[in-house]
Amino acid sequence: MASRSQLNLCFFVGILLLIVVAADAKDLYKVLGVDKNASERDIKKAFHKQSLKYHPDKNKAKNAQSKFEEISHAYEILSDAEKRKQYDLTGDEKGQGFGGSQGGYGGGNFGGQYAGHQYQSAGPFFQAGGPGGRTFTFTFGGPNQQAGGGGHQGFSQFFSNSQSQRQSRQKQNSKTESGEQPSWARNMYNKFTGNEEGNPGSGFGNFGNFGGGMFDNLFSSFSDGFGQAKEAENNAREVVDLPKGIENLSPSKFKTQVLGTRKTSWAVLYYVPDYPGIGDRLKVLASFADEMKGILKVGAVDCNSQSKFCKEQEVQLFPKVLIYPFKPTGKSKPVSHTGEWTVKALKNFYNQQFSPLVTSLTHQNFVETMKKEQERPCAILVRKSKDLPVAWLAICGELEKRIDCYDIRVINEEDPIAKKLGAREFPAVVGLLSTGEQFHPDDVIFEQSLSKSVGALRSFLEKLEKRDRDLERMQISSEPITYLTKKNMKRVCGSESPLCIIAASRSSKGAEKVKQILTEISQKSLVRKSHGTQSVSYSLVDAAKRTAFMKAFSAVDLSSIDTVLVAYKPRRGRSALYMGLLTLEGVEDFVTKALVGDLTFEPVYQTPTL
């Protein structure tokens, strides 16, 4: 039977931890920046706005990743009606009520989670939960032992959860059997008294002088009582068999497949084989891998045998899942999953990594958005359901900076937007070329398995991209003098272009006249003195619509002049203006002088952008 001092200590530590967690609880509404009466739509809009702001790929601040994880976690709870209801009632950040599924205050086992670790004691004691959503658990002894006897690992695992402590258990057990005070007790005592080795006075609130020598006697008797038998955990296997679908990752495999030239996303589990319930977690992860086949791969790293590697990845608490999203624009930072261990929660968390890359449209802003000049071809997902298909989010992430992705929700096929886009079955994907022409897939994309949907969607969007490029080439070959757009700016007059001749006209008559002159000049061979032939491009802009663009070349108001020619050198950031008569001789003389360096080029006032 447990001694009174041991039970007092356990009760005292439990209450102390509850106080710490309650103080640490976050207001999920404040995290998203919404009111407690916010609607589902308000919460979604707030999440989209905040995730765009703090996404690790867009925000390079040190706290961006942790802030993004907070936002994702808040959205996971508040977007689920049942979890939100529980959170509003109890303040539980996991949406499970006091103590989660394993209880609240009352008699029974002392079980639950702390910092991602789940433990359960079969010996009768008490449960504790509270408004932080974390349940603290201590395992006293083996499955059939009471609090007064058995092993000491319940407190050891809580106060010493580092990888190095786990690897030293066998050594601790031999010391316990020989009567030596185990290190877990010394660590626990030092935590409270503020006498940690190499860091005096760093304990919990500097309890060193509290109660005189009370803690000396208390911890001494506690360690003696718990040091009589080997812990049941030593019987756990050193190695676990990974289920099908989860790849065992060595450091070399990890660096080449996950961190190397990635062409897919990864979910990586960092674990220790002796963690209670690791088998159940692996089963959930294997189901997740099966459902996400074709979108991401799932791997696992054994941090018992690969402790050094896990430390390099800054993983100290187990088990932990990190998502490594595939982004063609550059290496993306891994993001830690902090939610529930269910397939649905893992899928939702994965989707959140790519949702900022898709712009949701409404019936009010659809037409206005589609009228805007697009830098890239667009793909629009037309859906009736609330959730976005996981294949859509994954492929939009894969083709970022190549295809602009939008989605819009409609009522049925009679919806005006659905009719305008020619969507009859949902979800449907419609492509929009830079010419405004619609581009439809030959076959249904989403009414198949996930892996087939991913392949069909990727193939369609790549065809959309190719079709748009082909149209652009045809336009260039048929019209050598074209209007500058966001899409062709880089190619026609980008930072690597030696010289651009830009004709800015306010009237259609002036634009047509200068286009004829530039077309004739472009067909001639203009040679730069002593430097051979220099590349030059010719283009048009609508001066009435591109006033901000024209301000880059002149501080003087040019609105009184119908047509102005600009000789622009992007590499040097300099330009010269021609405001003379629109004749072939006058314009040709201006272009020739620009090529041979007989013009005075002044620095531009700002970088010209469309």
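In what order do the five strands of the open sheet run? In this predicted model the order is β12-β14-β13-β15-β16, with mixed pairing; helices (H or I, at least four residues) and strands (E, at least two) are DSSP runs numbered from the N terminus, and two strands pair if DSSP finds at least two bridges between them. Residues are numbered from 1 along each chain as its sequence is written. Local features need pLDDT of at least 70 and side-chain atom pairs count only at pLDDT 80 or more, whereas totals for chains, interfaces and linings use all residues, and side-chain values use heavy atoms, without hydrogens and water.

The edges of the sheet are β12 (358–361) and β16 (438–439), each of which pairs on one side only. Six bridges join β13 (residues 378–383) to β14 (residues 404–409) in the parallel sense. Val382 stands opposite Ile408 in β14.

Helix α16 (residues 390–398) packs on this sheet and touches β12, β13, β14 and β15 (428–432), contact being heavy atoms within 4.5 Å. The direction of α16 makes about 155° with that of β14; axes are lines fitted to C-alpha atoms, for helices over the stretch in contact, and angles run from 0 to 180 degrees between N-to-C directions. Nine of the nine residues of α16 are buried, so the helix is largely enclosed by the rest of the structure. Buried means under 20% relative accessible area, exposed over 50% and partly exposed in between (1.4 Å probe, protein chains only).

Ala300 lies in strand β9 (residues 296–302) and is buried, with a relative accessible area of 0%. Residues touched by Ala300, not counting those up to four places away in sequence, include Leu242, Ile246 and Tyr271.
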